[in-house]
Amino acid sequence: MSFSSLPTEIQSLLFLTFLTIYLVTLMGNSLIILVTLADPMLHSPMYFFLRNLSFLEIGFNLVIVPKMLGTLIARDTTISFTGCAAQMYFFFFFGVAECFLLATMAYDRYVAICSPLHYPVLMNQRTRAKLAAASWFPGFPVATVQTTWLFSFPFCATNKVNHFFCDSPPVLRLVCADTARFEIYAIVGTILIPSAKGKHKAFSTCSSHLLVVSLFYVSLSLTYFRPKSSNSPESKKLLSLSYTVVTPVLNPIIYSLRNNEVKNALSRTFHKALALRNHIL
């Protein structure tokens with residue numbers, strides 16, 4: 001149902017707003033990936049993890065935003081049962097992976113600040129590859145269990161999902177069975193994932209990281225602590241917007257535009273590209 005209760009003019013305005021944010025998110029995160037790969041000065045562990053985060057943010061947006069934009073502009077409010085399950089699966093996969101990657105990035109900053117002399121040895125290429133793999137992998141079992149379990153319930157209520165994507169709480173409202181055990185699982189998962197080891201140790205040292213993590217986890221926790229609560233669906237939509245649309249667009253701004261190393265790398269890349277163009281001409 002997305003934002004179908006709003007007037008057509010407001011929906012058109014939302015379409016333009018979300019389209020702009022979507023394009024900025026894709027371009028900004030793609031630019032981070034390209035620059036951190038192209039510039040040797042940015043081949044440190046911090047930018048390796050930042051590149052992984054940009055991949056995640058792009059995937060996160062591709063799962064949610066295109067369908068939302070189609071719903072807003074084309075008024076196509078239908079999604080197949082399989083399509084809904086697939087969207088939820090990849091949403092959980094990228095969401096869980098981002099939770100663990102944010103924790104890994106915080107641990108990386110903790111080591112860099114508290115053990116600067118040992119940092120190159122502790123965060124060598126092999127270690128950071130293992131940490132990245134450990135961040136991505138948990139998304140598979142969590143997404144598989146959560147999606148398979150939820151879609152194994154009987155659905156005998158209305159087929160209208162009062163949300164802008166197939167998220168767990170609005171789909172859970174359509175189930176006509178006892179979902180108490182599933183809700184406990186959702187609550188436990190929400191508590192355990194943000195408590196990943198090492199994340200809290202680095203919060204006091206990285207204000208930018210703290211801003212991203214706080215926005216992501218606060219809105220996520222408020223949404224999933226009570227999956228089937230009677231809270232206003234509109235309020236849950238707004239909360240969901242913060243971690244599905246707002247956080248991904250903040251990534252390039254917070255981690256790059258406020259970072260002198262990245263800005264210098266962008267300048268070097270631009271001048272190299274300009275010099276190559278002039279040479280070809």
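**View 1. Ala103 in helix α3.** Ala103 is a residue of helix α3; helices here are DSSP runs of H or I with at least four residues, strands are runs of E with at least two, and both are numbered from the N terminus. Ala103 is buried, with a relative accessible area of 4%. Buried means under 20% relative accessible area, exposed means over 50%, and partly exposed lies in between, with a 1.4 Å probe and protein chains only. Ala103 and Val213 are 110 residues apart along the chain, and their C-alpha atoms are separated by 8.9 Å. The model is predicted, so local features need pLDDT of at least 70 and side-chain atom pairs count only at pLDDT 80 or more, while totals for chains, interfaces and linings use all residues. Residues are numbered from 1 along each chain as its sequence is written, and side-chain values use heavy atoms, with hydrogens and water left out.

View 2. Thr82 counts as exposed at 61% relative accessibility.

**View 3. The salt bridge of Asp108 and Arg109.** A search of the whole structure finds one salt bridge, defined as a side-chain nitrogen of Lys or Arg within 4 Å of a carboxyl oxygen of Asp or Glu. The side chains of Asp108 and Arg109 meet in a salt bridge, at 3.0 Å from N to O. Asp108 is buried, and its relative accessible area is 1%.

**View 4. Helices α1 and α2.** Helix α2 spans residues 45-74 and packs with α1 at an angle of about 160°, their axes being 9 Å apart. That makes the two helices, α1 and α2, roughly antiparallel. Axes are lines fitted to C-alpha atoms, for helices over the stretch in contact, and angles run from 0 to 180 degrees between N-to-C directions. Angles under 35 degrees count as roughly parallel, over 145 as roughly antiparallel, 65 to 115 as roughly perpendicular, and the rest as oblique. The crossing of α1 and α2 is left-handed.

View 5. Leu23, Val24 and Met27 make up a nonpolar patch on the surface, and together they have about 280 Å² of accessible area. Met27 sits in helix α1, residues 8-38, and is exposed, with a relative accessible area of 56%.

**View 6. Val245 and Ile64.** Val245 is part of helix α11, residues 233-257. Val245 counts as buried at 3% relative accessibility. Val245 lies 8.5 Å from Ile64, C-alpha to C-alpha, although the two are 181 residues apart in sequence.

**View 7. The whole chain.** The protein chain has twelve helices and zero strands. Of its 281 residues, 47% count as buried.

Conventions: Patch = residues over 30% accessible without salt bridge, like charges linked within 9 Å, V, L, I, M, F, W, Y side chains within 5 Å. Areas by Shrake-Rupley, 256 points an atom, 1.4 Å probe, with all protein chains shown as cover. Left-handed = near helix turned anticlockwise from the far one by under 90°.
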